[in-house]
Amino acid sequence: MTGDALTRDASRTSNRLRLAVVDMVGTTITDDGRTERAMSRALVEHGIEPGSSRFESMLGYARDTMGFSKMTVFSHLFDDAEVAANANKVFEKAYDEMIDDGGVRAVPGAEDAILWMRESGMRVCLATGFGRHTQNMVLESLGWMGLADLSLCPADAGRGRPYPDMILTAVLALDLDDVREVAVIGDTSSDMLSGIRSGASLIAGVLTGSHSEATLRAAGATVVVDSIKQLPLLVEKREARHL
């Protein structure tokens with residue numbers, strides 16, 4: 001291939017979005033604070049007094065790091081690896097129980113946005129900071145098994161957000177040619193940072209979850225929208241500009 005042809009090919013692949021890596025809680029689903037409640041239960045069951053300064057500090061860290069692997073969060077909160085692993089198990093058990101009460105719901109328009117992306121020729125990966133069992137429980141509760149091309153959790157990739165591993169794993173698993181063909185969509189600063197680190201060309205923050213527009217932009221969002229239901233229009237406008 002000549003130099004001119006290589007240039008044209010690189011330009012073409014960087015313009016066309018072929019994969020969306022989409023966060024779950026706060027972006028495509030809402031759980032009405034169940035993540036925080038499950039986190040609180042794990043702290044209490046490991047000796048942290050509710051309402052104490054240590055409890056509030058630890059819960060504040062959990063809020064700030066929404067989107068991270070929950071195991072990573074507990075490893076930071078507890079120095080002992082065994083205690084951290086046990087706390088994560090309590091969190092997952094508590095969250096599983098909360099899923100059963102029907103409180104985990106799709107963000108309005110999320111399913112339609114995912115279907116639109118797939119129908120337009122994009123692949124979709126649903127990514128989470130939960131473990132695999134909890135992620136599957138959530139997908140099953142919504143009837144979303146098979147909705148996306150791929151679902152990934154931190155254990156599937158090696159590291160969770162804010163590292164780019166899940167995004168890059170999706171690129172490899174779905175046989176993409178170029179990380180610039182990727183859009184990353186999420187509601188937390190860790191989603192945005194993982195997108196920056198991966199080399200994705202569209203990093204979209206949504207305001208249906210944990211972090212503010214200012215926080216999302218500071219973390220690297222190229223655009224911020226109210227909800228994932230606006231993503232199809234956003235993608236259409238972007239593609240039209242690059243025709």
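This is a predicted model: local features need pLDDT of at least 70, side-chain atom pairs count only at pLDDT 80 or more; totals for chains, interfaces and linings use all residues.
Figure 1. Thr208 is placed in the loop that links E7 with helix H11 (213-218). Leaving out residues up to four places away in sequence, Thr208 touches Gly26, Thr27, Val107, Asp226 and Ser227. One of these residues, Ser227, is 19 residues from Thr208 in sequence, and the two C-alpha atoms are 6.0 Å apart in space.

**Figure 2. Thr27, a residue in contact with Thr208.** Thr27 belongs to the loop between strand E1 (19-23) and strand E2 (29-30). Its relative accessible area is 0%, and Thr27 is therefore buried.

**Figure 3. The open sheet of six strands.** The strands follow one another in the order E5-E4-E1-E6-E7-E8, and their pairing is parallel. Strand E5 (150-152) and strand E8 (223-225) are the edge strands, each of which pairs on one side only. On average, neighbouring strands of this sheet are turned by 20° against each other, direction ignored. At one end of the order, strand E7 (residues 202-206) and E8 run parallel and are joined by three bridges. Ala204 has Val223 in E8 as its bridge partner.

**Figure 4. Strand E1 and its two partners, E4 and E6.** E1 is mostly covered, with five of its five residues buried. In a regular strand the side chains alternate between the two faces of the sheet. In E1, Leu19, Val21 and Asp23 point one way, whereas Ala20 and Val22 point the other way. E1 pairs with E4 in the parallel sense over five bridges, and Asp23 stands opposite Ala127 in E4. The pairing of E1 with E6 is also in the parallel sense and has four bridges.

**Figure 5. Helix H2 in contact with H3.** Two packed helices are described by the angle between their axes and the distance between the axes. For H2 and helix H3 (residues 53-64), the axes come within 11 Å and cross at roughly 140°. The two helices are therefore oblique to each other, and H2 passes H3 in a right-handed crossing. On the side of H2, the contact involves Glu36, Met39, Ser40, Leu43 and Val44, which meet Phe55, Met58, Leu59, Ala62 and Arg63 in H3. By class, this contact has seven nonpolar, one polar and two charged residues.

**Figure 6. Helix H2 in contact with H4.** The axes of helix H2 (residues 34-44) and helix H4 (residues 70-77) come within 13 Å and cross at roughly 40°. This crossing of H2 with H4 is right-handed. Thr35, Met39, Ala42 and Leu43 of H2 make the contact with Lys70, Val73, Phe74 and Leu77 of H4. These residues divide into six nonpolar, one polar and one charged.

**Figure 7. Buried residues of H2, with Thr35 among them.** The buried residues of H2 are Arg34, Thr35, Ala38, Met39, Ser40, Ala42 and Leu43, and they pack against H3, H4 and helix H5 (81-99). Thr35, found in helix H2, is buried because its relative accessible area is 5%. Apart from neighbours within four places in sequence, Thr35 is in contact with Val25, Met66, Lys70, Phe91, Tyr95 and Phe130. Of these, Lys70 is also part of the contact of H2 with H4.

Technical notes
Residues are numbered from 1 along each chain as its sequence is written. Side-chain values use heavy atoms; hydrogens and water are left out. Buried means under 20% relative accessible area, exposed over 50%, partly exposed in between (1.4 Å probe, protein chains only). Two strands pair if DSSP finds at least two bridges between them. Axes are lines fitted to C-alpha atoms, for helices over the stretch in contact, and angles run from 0 to 180 degrees between N-to-C directions. A crossing is left-handed if the near helix is turned anticlockwise from the far one by less than a right angle, and right-handed if clockwise. Contact means heavy atoms within 4.5 Å. Ala, Val, Leu, Ile, Met, Phe, Trp, Tyr, Cys and Pro count as nonpolar, Asp, Glu, Lys and Arg as charged, and the others, Gly among them, as polar. Angles under 35 degrees count as roughly parallel, over 145 as roughly antiparallel, 65 to 115 as roughly perpendicular and the rest as oblique.
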